[in-house]
Amino acid sequence: ASSDGMSSARRRGGDERGYHDRGGHHAGYSSGYGASKAGGSGLRDRDTNAWHQQRHNGSSHGAHDPGIPLPLALQGIEEATDVSEWAFRCVAAVLEGQAAGRGDAERALSKLVSLLSASADRQVLPQLAGSALPGAVVRSMRKFRSEPPAGAQCCVAIVRSAGSPECSAAYVRAGALEEVGAFMDQHQGHGGVQNVCLLALAGLLKDSSAARQAVSLGTVSRVLQAMEATTGREVQYNALSLLRLLTENGRAQRAGLQEAALRAKVAHQNDTALCKVANDVLALVTPRFKEVLCWHWQSGWCKLGPRCTYAHGPGDLRPH
């Protein structure tokens, strides 16, 4: 495992599956749910008619529906086999429920991620964008900000559901940029949290407006802090990818970006994918980066090695 608490992930990029629950709290996923389910068969029998009436009651509930009791919402999550408006309403009802505990929220978020991962229907995302889910996920992150497993599950849900501009915009309007930033601030030394937050932010920055908002909220400094705190490959790769977005689309200030990218190249100089992203960032912040051959390299040796901003060979040259 890498030093940032991540499991091995795809070598071409980051993966939110690498988040580790260092405290071993995932066993709590079923705790709240089990408590609600235990002894609940009688309640479920008594409420069968109300259950079916709720489930088939049209599509007029665009916002959070307080009319779905927690046991029924949990039952709906358990029984859901694919994405649907009803499944979205049940997840939102659990996340917004005052009686729902962390275990209930984690179970709802885990099921949401599972359903979205299994669905190939691209119409699902616009449906999700118009539902109560983006706001419910963001408020759940605020509620469980001090709990890394639950907060990380919220970030994974954002990653899985922010695949369209409509969904990303819905999350941004709900305050996702602010909440992800606050989550990063509270867990600066937790590499897994930092990594999944970087992935969530990348999913939210679908346009220049969101990128500029992220810059105004101090996202660049948070990304640089994450890179300084954790040298693991996944944090470095995802941070560089995010810095590229913030610089290209968000007009981020360039202070500190060159040094961060050069450090990442030195630490992972044999990682082709990471070095490419680092070079992309360096090209945005360094005048004439790799546009000219290095004279020292041509003479036989360059003491700067991967920190050199000149090209070490024709294959290292970048187009003007």
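**Helices and a buried glutamine in a predicted model**

Colleague: How many helices and strands are there in the protein chain?
Modeller: The protein chain has 18 helices and zero strands, where helices (H or I, at least four residues) and strands (E, at least two) are DSSP runs numbered from the N terminus. This is a predicted model, in which local features need pLDDT of at least 70 and side-chain atom pairs count only at pLDDT 80 or more, while totals for chains, interfaces and linings use all residues. Residues are numbered from 1 along each chain as its sequence is written, and side-chain values use heavy atoms, with hydrogens and water left out.

Colleague: What percentage of the residues is buried?
Modeller: Of the 320 residues in the protein chain, 52% are buried, meaning under 20% relative accessible area (1.4 Å probe, protein chains only).

Colleague: Is Gln 236 buried or exposed?
Modeller: Gln 236 is buried, with a relative accessible area of 5%. Gln 236 lies in helix 15 (residues 233–250).

Colleague: Which residues does Gln 236 touch?
Modeller: Leaving aside residues up to four places away in sequence, Gln 236 touches Met 227, Thr 230, Thr 231, Ala 264, His 268 and Leu 274; contact means heavy atoms within 4.5 Å.

Colleague: Turning to helix 9 and helix 11, which residues meet there?
Modeller: From helix 9, Pro 148, Gly 151, Ala 152, Cys 155 and Ile 158 meet Ala 176, Val 180 and Phe 183 of helix 11.

Colleague: At what angle do helix 9 and helix 11 pack?
Modeller: Helix 9 (residues 148–161) and helix 11 (residues 176–186) pack at about 145°, with axes 11 Å apart. Axes are lines fitted to C-alpha atoms, for helices over the stretch in contact, and angles run from 0 to 180 degrees between N-to-C directions.

Terms used:
Buried means under 20% relative accessible area, exposed over 50%, partly exposed in between (1.4 Å probe, protein chains only).
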